[in-house]
Every structure is written in structure tokens, then in C-alpha cells.
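Please prepare a briefing on the salt bridges and the helix packing of the structure shown here, with the cut-offs stated for each term.

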Amino acid sequence: MSGSAGKTRNIFLVWLIWPLITLGIYHLVWYYKINREARDFDQRIEVNPAVSVVALALGWVLIVPPFISVYNTGVRIARMQRSAGLEQECNPWIGVILLIVAGLYPLYYQHELNQIWAHYQIPAEGEQVPLAA
């Protein structure tokens, strides 16, 4: 089995700089992209990236959906790590806690994703990489 590699991103640009410059729009684009990368990396990971973004962006009206979405994204990243043959280090509960603490979860999640791409020697985005499990 193989999957498509995602993009290595600077964690500070993802968390602070680009969202500030774009008035928060980049954060939603990033969230869509990482969920799409999870789906494209391992076909066994089922996710609709648009639904994830809607849950994050508009779910605050109901309070709970953003927390569920961030938790499930952490689960997907952990599954990606396992599929890459790495130890599952991504803890979705840490993501939820960091969501509460100044929205720091992009730092954590992008760091975990960057470790996956580093395992494959930083492939080009979309390049096919072998899956271990």
C-alpha cells in the first residue's frame, strides 16, 4: 500500500503568522488541508475535510463540535503515524487541551505531521510513499 505525502509546514507560521495576516482564514484552510492529507495518505482513514472545517468554524454555536473535530483530527494523525511505521505519539486529548489554551493545537498537530514527513525524508507534496501498516 502507498499514500500521498502531505506538506511540511513551519509550525509557528501555521499557528500565528499566517492566521494573523489572513484574519483567521488561513487557519481554516490549514485545517481543511491536514484533514485532506490524512485521507489521501491512508485510504482507510475516512474523513470529509469540509465537514471538519464546518464543525470547527461554525460548531461554536453548539459548543461541543469543535472539540470533537479537534479530537478526531488528533486520532487521524495518530493513525497516520501508525501507517507510516512510527510510534503513535499524537495524543488527541493534548490537542483538545491546547485548543482551550490559546488555540495552541496547530503547533502540536503540525509538529506531529512534520515528523511523519521527516520519516519519509521530506517528500514532495502529493508524492507516493509506502505505508508500513
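Arg36, Arg39, Asp40 and Glu125 are linked in a network of salt bridges, where a salt bridge is a side-chain nitrogen of Lys or Arg within 4 Å of a carboxyl oxygen of Asp or Glu. This is a predicted model, in which local features need pLDDT of at least 70 and side-chain atom pairs count only at pLDDT 80 or more, whereas totals for chains, interfaces and linings use all residues. Residues are numbered from 1 along each chain as its sequence is written, and side-chain values use heavy atoms, with hydrogens and water left out.

**Salt bridges**

- The structure holds 5 salt bridges; in general, side chains of opposite charge can pair when their charged atoms come close.
- Glu37 forms a salt bridge with Arg9, and their closest N and O atoms are 2.8 Å apart.
- Because Glu37 lies in helix α2 and Arg9 in the loop between β1 (2-4) and α1 (11-21), the pair ties together parts that are 28 residues apart in sequence.
- A further salt bridge joins the side chains of Arg44 and Asp42, at 2.9 Å from N to O.

**Accessibility of the paired residues**

- Glu37 and Arg9 are both buried, where buried means under 20% relative accessible area, exposed over 50%, and partly exposed in between (1.4 Å probe, protein chains only).
- Glu125 is partly exposed, with a relative accessible area of 45%, and Arg36 is likewise partly exposed, at 23%.
- Arg44 is partly exposed at 37%, whereas Asp42 counts as buried at 1% relative accessibility.

**Packing of α2 with α6**

- Helix α2 (residues 25-41) and helix α6 (residues 105-119) pack at an angle of about 35°, with their axes 12 Å apart; the axes are lines fitted to C-alpha atoms over the stretch in contact, and angles run from 0 to 180 degrees between N-to-C directions.
- The crossing of α2 past α6 is left-handed, a term for a near helix turned anticlockwise from the far one by less than a right angle.
- On the α2 side, the residues in contact (heavy atoms within 4.5 Å) are His27, Trp30, Tyr31, Ile34, Glu37 and Phe41, and on the α6 side they are Tyr105, Pro106, Tyr109, Gln110, Leu113, Ile116 and Trp117.

Definitions and conventions. Helix = DSSP H or I, 4+ residues; strand = E, 2+ residues; numbered from the N terminus.
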